[in-house]
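Open the model in a viewer that can show secondary structure and single side chains. The stops below are meant to be taken in order.

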Amino acid sequence: MRANELQHGKLYDCTMDGDRGIEKTTIIPLAADAKTNRRHIIIDAKSLQKANPDLLRRLLAMSFQEIVDENLDGGPDRHSSCFVWRFTLDEHGSLYYEDYDCYLTDFAETDTAPNQKPNPPHSRPRP
């Protein structure tokens, strides 16, 4: 699967190739800028999904510019614990993150969707 086929809010396994070598990770594509090839991606998405599902839901609802305005976009003044990085879609169908000379490739959709609502708890019968 190519990077331009990734869908907003879906969870994907992929390969990250950067300064630390080749690593496996999970990502969730967020908002993209319609004027450029830039898009926000949640890195290590499964960890964020477990640690802070409310933040994940908030990020999924944000526009590209809202993520930039709140300094969640991987810029020099970003929050240090932020999972959101700003990638550029290159001509080869990969996502490139300039600050770490890092590429994301080999995308495979997983069957766990973070934007799915959990099943409601079963209620006990009333006495």
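**Strand pairs and the barrel**

Start with strand E3 (residues 38-43) and E4: the two run antiparallel and are joined by five bridges. Strands here are DSSP runs of at least two residues, helices (H or I) runs of at least four, numbered from the N terminus; two strands pair if DSSP finds at least two bridges between them. Within this pair, select isoleucine 42, which stands opposite valine 84 in E4.

The model is predicted, so local features need pLDDT of at least 70 and side-chain atom pairs count only at pLDDT 80 or more, while totals for chains, interfaces and linings use all residues. Residues are numbered from 1 along each chain as its sequence is written, and side-chain values use heavy atoms, with hydrogens and water left out.

Next, select strand E1 (residues 12-18) and strand E2 (residues 21-32), antiparallel and joined by seven bridges. Methionine 16 has glutamate 23 in E2 as its bridge partner.

Now show six strands together: they close into a barrel in the order E1-E2-E3-E4-E5-E6, with antiparallel pairing.

**The E4-E5 hairpin**

Move to E4 and E5, an antiparallel pair with two bridges. Leucine 89 stands opposite leucine 95 in E5. Five residues lie between the two strands of this hairpin, and glycine 93 in the turn has a positive phi of about 85 degrees.

Finish at aspartate 90, in the loop between strand E4 (84-89) and strand E5 (95-97). What does its side chain reach? The side chain of aspartate 90 reaches the backbone nitrogen of serine 94 at 2.9 Å.

Definitions and conventions. A polar contact is a pair of N or O atoms within 3.5 Å; within protein, one must be able to donate a hydrogen and the other to accept it, and residues adjacent in sequence count only if both atoms are side-chain atoms.
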